[in-house]
Amino acid sequence: MRSSSRNLSKKSLNKFSSVFTQHERGSGARAMLKPVGVYGERLNMAQVGIASVWWEGNPCNMHLLDLSERIKKSVEAAGL
């Protein structure tokens, strides 16, 4: 196992998102997350944001929507 992998396993994956999901002052953020399915045990997981600049009017970017969907599925499959 590489040293960076060992360090990652010791660190919390939700270091930054826990500010919104675990802290008592994050109730507003949790209220926004619940309607999109993030509640209960999912609040203990790292929150991963996936953004796409997809636009069908530009042939250079037309593949980005499909790419972002594939990335989303991979992130969910990894349990993040």
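V38 is buried, with a relative accessible area of 10% (buried means under 20%, exposed over 50%, partly exposed in between, with a 1.4 Å probe and protein chains only). The model is a predicted one, where local features need pLDDT of at least 70, side-chain atom pairs count only at pLDDT 80 or more, and totals for chains, interfaces and linings use all residues. Residues are numbered from 1 along each chain as its sequence is written, and side-chain values use heavy atoms, with hydrogens and water left out.

**Exercise 1. Describe the fold of the protein chain.**

Step 1: count the elements. There are four helices and zero strands; both are DSSP runs numbered from the N terminus, with helices being H or I of at least four residues and strands E of at least two.

Step 2: read along the sequence. The pattern is α-α-α-α.

Step 3: look at burial. Of the 80 residues in the chain, 14% are buried.

**Exercise 2. Classify R30 and D66 by accessibility.**

Step 1: take R30, in helix 3. Its relative accessible area is 23%, so R30 is partly exposed. Ten residues away in sequence is F20, with 7.0 Å between the C-alpha atoms.

Step 2: take D66, in helix 4. Its relative accessibility is 52%, so D66 is exposed. The C-alpha atoms of D66 and W54 are 8.9 Å apart, with the two residues twelve apart along the chain.

**Exercise 3. Describe the largest pocket and its lining.**

Step 1: give the volume. The largest pocket holds about 340 Å³ of space. On a 1 Å grid over the protein atoms alone, a pocket is an open set of points where a 1.4 Å probe fits, with protein on both sides within 12 Å along at least five of seven lines; lining residues have an atom within 4 Å of a point.

Step 2: name the lining. It has 13 residues, and the closest to the pocket centre are V38, R42, Q47, V48 and L80.

Step 3: sort by type. The lining has eight nonpolar, two polar and three charged residues (nonpolar: Ala, Val, Leu, Ile, Met, Phe, Trp, Tyr, Cys and Pro; charged: Asp, Glu, Lys and Arg; polar: the others, Gly among them).

Note on methods: Points joined across faces, edges and corners; volume = space filled by probe spheres on them.
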